[in-house]
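Thanks for coming. I have one structure to go through today, so please look at the sequence and the model as I talk.

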Amino acid sequence: MRNCLDILERLRILIGNLVKIMDSEQFRDFAKTIVDYIADYTENIRDKPAVSTVKPGYLYDLVPSEAPVKGEDWKTVFADIEKIIMPGITHWQSPQFHAFFPTGNSYPAIVGDLLSTGIGCVGFSWITSPACTELEVQVMNWFGKMLQIPKEFLNESEGPGGGIIQGSASEATLVCLLVAKDRMTKHLKAINPQLDDGEIKSKLIAYTSDQSNSSVEKSGLLGSMHMRLLGTDDQGRLTGPILLKSIEEDRKKGLIPCFVVATLGTTGTCSFDCIEDLGPICNENNIWLHIDAAYAGAAFILPEYRYLMAGIQYADSFDVNLHKWLLVNFDCSALWVKNTNHLVNAFNVERMYLNHSYQSQNPQIPDYRHWQIPLGRRFRALKVWFVMRLYGVEGLQAHIRKQIELAELFGRLVEQDRRFEIVTPVTMGLVCFRLKGDNIWTKRLYESLMKSGKIYLVTASVRSQLVIRFVVCSRLTEERDVKFAWNEVSSLADTITSTEEYKESDNIKYLTHG
Ligand code: PLP
């Protein structure tokens, strides 16, 4: 009896081990199948509608409300991707996706992300994966040199400058706001130690333009600093006189100007704040100047666009998203800070378990945990390294140039149709256009575009005029896709402009003249 029990027990362990081996084999098969699936998805993306047409809550009918008790077969799970997930995907990499700004995507970046996930390290300090930290330092140096930003921002400079990959431009802005707050508080306390931290912080004020990205205003909310949204000139730019006037007004009220976010390439119309004028004002007033070049900054890898960042030398921090226009998958935002000691001074929290014998304040061997909000961090530099090595600087330059040319093509198609107008000059990959006359026509056109769902665009408001933003987003976009988009826009416009209501409006002149 005893022997029988022993044999049974051994058999149980043996079967358990066999199941484990089968499990790991089926997981590996699943992983390999998914890699092929990603390739097929990309190759066939042109045939998929850009915008998902499901209704809110569609998924809750398809996915049970409890997790399965026993593991399922991978093939069943795989089949559910097409059945359950794909209908609810808006295909950001579709060449018919023209909304927001581009979200980077390429095979080198995808496999870089896969490898990073496969290695599964968490590189918050140098010792937790030296390759993770040092490759990040090096690709940030590469990228900084590609853009030709001032050397003092680079980790390899003599001084305390340095670059880090943040998750997003939003995080980068928040990090810099928090550092600016800490720097100003310490500065004022050094002058007058009697001052109370809380009182200083409650008086700090930040500035940005009313055209800056929503994330900038949000950084003020998250960082508890009032963010004033200042008006812009007729080209949508924040100018020196507007900033100076606001600073003077606020000083009179007893407030302490602390932080400015200037944008190079605003989300609405891709305008460029006058950083050559804003910079000296910030420097003279000891205000931290952060430059958000999340989208358009990528174009500075081209010599012909670098004039747009004239004045960058005045900035304390500068951010460009690799995950927007530079073919690197989300998330990957490059942030440089001129004096990284301010980051460490603001965010340094020590614990024995975080210590290691090589820690220092040397930006060449950083413990990146001090430069960011979370403790943990992924090995994002791998995907940047793969993209930069496989495309090369020339490949990336060709990509940006091609996308700008495609936007210009769309702009020309719009201009040739008298019913339409281009509201702000075609800039980078963005065309802001509308049907002439009352906003109602553009609103109706946009509604029909969204109803048809063949292409995806979003709207913006420029000086009270409703505009539709067309952006060249996908790296797969070709001339035929731009023409397809224009045909869709113009044929839906035909339906609107052939109505009696339109013809009876003032707009009839756009149909009959010239
Ligand atoms: N800044 C600008 C100018 C943007 O256009 C955007 C997004 O489109 C952001 C910031 C936010 O970027 P992220 O999603 O990386 O936070």
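Lys-324 has an N or O atom in its side chain that sits 3.3 Å from an oxygen atom of the ligand. Keep in mind that this is a predicted model. Ser-170 also faces an oxygen atom of the ligand, with a polar side-chain atom 2.3 Å away.

How much of the ligand's accessible area does the protein cover? On its own the ligand has 390 Å² of accessible area, and the protein covers 86% of that. There are 14 residues around the ligand. Those that come nearest are Ala-169, Ser-170, Thr-267, Asp-292 and Asn-321.

Now the domains. The assignment for the protein chain gives domain 1 as 2-105, domain 2 as 165-364 and domain 3 as 393-512. I will stay with the first two. Over C-alpha atoms, the centres of domain 1 and domain 2 are 41 Å apart. Their contact involves 5 residues from domain 1 and 11 residues from domain 2.

What does the interface consist of? On the side of domain 1 that touches domain 2, the residues are 2 nonpolar and 3 polar, with no charged ones. Across this interface there are 0 salt bridges by the rule used, while 2 residue pairs are found in polar contact, both at pLDDT 80 or more.

Terms used
Residues numbered from 1 in each chain as written. Predicted model: local features only at pLDDT ≥ 70, side-chain atom pairs only at ≥ 80, totals over all residues. Heavy atoms only, no water. Domains from an automatic or database assignment. Contact = heavy atoms within 4.5 Å. Salt bridge = Lys/Arg side-chain N within 4 Å of Asp/Glu carboxyl O. Polar contact = N/O pair within 3.5 Å; in protein donor to acceptor, adjacent residues only side chain to side chain. Nonpolar A, V, L, I, M, F, W, Y, C, P; charged D, E, K, R; others polar. Near = heavy atom within 4 Å. Areas by Shrake-Rupley, 256 points an atom, 1.4 Å probe, with all protein chains shown as cover.
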